[in-house]
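Let's take a walk through this model together.

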Amino acid sequence: MKDKLIIFDTTLRDGEQSPGASMTREEKVRIARQLERMRVDVIEAGFPAASNGDFESVKAVADAVRDSTVCGLARALERDIDRAGEALKGARSGRIHTFIATSPIHMEKKLRMSPDQVVEQAVKAVKWARKWTDNVEFSPEDAGRSDPDFLCRILEAVIDAGAGTLNIPDTVGYNLPQQFGHLIATLRERIPNADKAVFSVHCHNDLGLAVANSLAAVLNGARQVECTINGLGERAGNASLEEVVMAVRTRQDVFSCDTQIDTTQIVPASRLVASVTGFAVQPNKAIVGANAFAHESGIHQDGVLKHRETYEIMRAEDVGWSANKMVMGKHSGRNAFKSRLAELGIELPSEDALNGAFARFKELADKKHEIFDEDLQALVSDEAATL
Ligand code: KIV
Ligand code: ZN
């Protein structure tokens, strides 16, 4: 029996921190409902103390969602925690996520606090949050640049104070996969009460490593991943939900856990987030980009037509696309050309006619980026005219 990998989606909180991606209350509720449909375990709906608007959004999501846990972020301050607790009152299942920075640079330059003061405040915050709910998550912000000995100390203390989830953020996306995986293994080994909490990770993508770091952490025992749809998030974004989920699902030979995500809801979720935020998805984005399941080269098209798995490691339908796509262009081969004509209901009377039409198609493809069905129809009617 495999372990469960908890998916914690923070599109509505960290995703919203992308400059220009702020969302209205109604938009947040629409996205939250889609995340619930996708069977996301935890939806971080916002940061209630940040503004009255965000408080109202978290409250609206907490009231609307029934099947996922709804989470609110709070600094390790009683007033922030109280705002989160208030906003989550209507949730069937609510979580308070409280955080304080633990890296030397953050403690010294930003918080201007000593490590002892940081531990004290973290413990106080977790105990305060426990007055609202028994589902409390704690994050040592900038853990990726924190001293592992200090992390062990603070994490042991917050587990004793009642935190059930310990989230290890690589806040500035500085870590490398092997290093981050090792950090998770070290924390799990060295914290005496580690087995009382779920280890979570929250990786940013500044070096393009957010997904790789998250997967390395999972291989080393993390059982919650924090991620966002389309990898939206502060600066270069967060680990992308669709990539984490599909990597774990596709490589079950390697992972001893799996998520409960309904992957067929991934593309609809991606489209919804792109349309609400106005952040277009790049065509070559894994899983959800327009070209993720498109084949243009003749060799690839021929292979896929003979057996899909020659060039496809996932099925387009399994992530919510209607089907894989053969793009007709200058690299396409005769087999794909013939197959597309058949899909359009066109059968040419002879091999010579097919060869003639294919030659004309290649000429056209040298002039045009993509050949559409109408081009093919025109091409074939020309060919028919010369028969
Ligand atoms: O990146 C980060 O450290 C965060 C924390 C609040 C978890 O977003
Ligand atoms: Zn973050």
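**Around the ligand**

Sort the residues of the shell around ligand 1 by class and you get 2 nonpolar, 5 polar and 2 charged (Ala, Val, Leu, Ile, Met, Phe, Trp, Tyr, Cys and Pro count as nonpolar, Asp, Glu, Lys and Arg as charged, and the others, Gly among them, as polar). Those surrounding ligand 1 are Asp 14, Phe 99, Ser 139, Glu 141, Asn 167, Pro 169, Thr 171, His 202 and His 204, where a residue is near if its C-beta atom, placed from the backbone, lies within 6 Å. Two or more of them come from each of β6 (136-141) and β7 (165-170); strands are DSSP runs of E, at least two residues, and helices are runs of H or I, at least four, numbered from the N terminus.

This is a predicted model, in which local features need pLDDT of at least 70, side-chain atom pairs count only at pLDDT 80 or more, and totals for chains, interfaces and linings use all residues. Residues are numbered from 1 along each chain as its sequence is written, while chains are lettered from A and ligands numbered from 1 in the order in which they are written. The mean pLDDT (the predictor's confidence in each residue, from 0 to 100) is 95 for the chain. The model's ipTM is 0.99 and its pTM 0.92.

Now step back to the whole chain. It holds 14 helices and 12 strands, and its C-alpha trace spans about 85 × 40 × 40 Å along the principal axes.
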